[in-house]
Amino acid sequence: MVTPIFLHITFSHILFNAFSLYIFGPALEQLIGRFRYLIAFLSTGVIANIAALFLEPIGFVHYGASGALFGLLGIYIYLVVFRREFISRQDQTIIFVIVLVSLISSFSVQTLILSVI
């Protein structure tokens, strides 16, 4: 359940995940601390892989850190909604844009793959 977090299927997939981590990872790490950030990244990645195991059909292949990234974005959303004092208004807007773009790109790519299959 941990290994798929660090494997990626395509170069664009690893590039997008790396770019996402580069953009919002350091700020979140600074907010919650290095150890909590590491635990959050790994645990949300494992939880996403377990969810894929139970929700996707048998034989579904799941690679990448997208589940962990969405988990980290979920922590950001929690901070924006319930702990607004930790995040500036400008950063709150950026977070919502990143979440929206990530959701659209994830579901559009998944829809494209399913239509090809």
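**Notebook: helix H2 and its packing**

The contact (heavy atoms within 4.5 Å) involves Leu-21, Gly-25, Leu-28, Glu-29 and Ile-32 of H2, and Arg-34, Arg-36, Tyr-37 and Phe-41 of H3.

The model is predicted: local features require pLDDT of at least 70 and side-chain atom pairs pLDDT 80 or more, while totals for chains, interfaces and linings use all residues. Residues are numbered from 1 along each chain as its sequence is written, and side-chain values use heavy atoms, without hydrogens and water.

I then read the packing angle of H2 with H3 (residues 34-55), which is about 125 degrees, with the axes 7 Å apart.

I checked the length of H2 next. Its 22 residues, 11-32, should span 32 Å at 1.5 Å a residue, and the end C-alpha atoms lie 30 Å apart, which agrees (expected span: 1.5 Å times one less than the number of residues). I noted a kink of about 45 degrees at Gly-25, shortly before Pro-26 (angle between axes fitted to the seven residues ending there and the seven starting there).

I listed the buried residues of H2 as His-13, Asn-17, Ser-20, Phe-24, Gly-25 and Leu-28 (under 20% relative accessible area, 1.4 Å probe, protein chains only).

For His-13, I set aside neighbours within four places in sequence and found contacts with His-8, Tyr-63, Gly-64 and Ser-66.

Definitions and conventions:
Helix = DSSP H or I, 4+ residues; strand = E, 2+ residues; numbered from the N terminus. Buried < 20%, exposed > 50% of the residue type's maximum accessible area, 1.4 Å probe, protein only. Axes fitted to C-alpha atoms, helices over the stretch in contact; angles between N-to-C directions.
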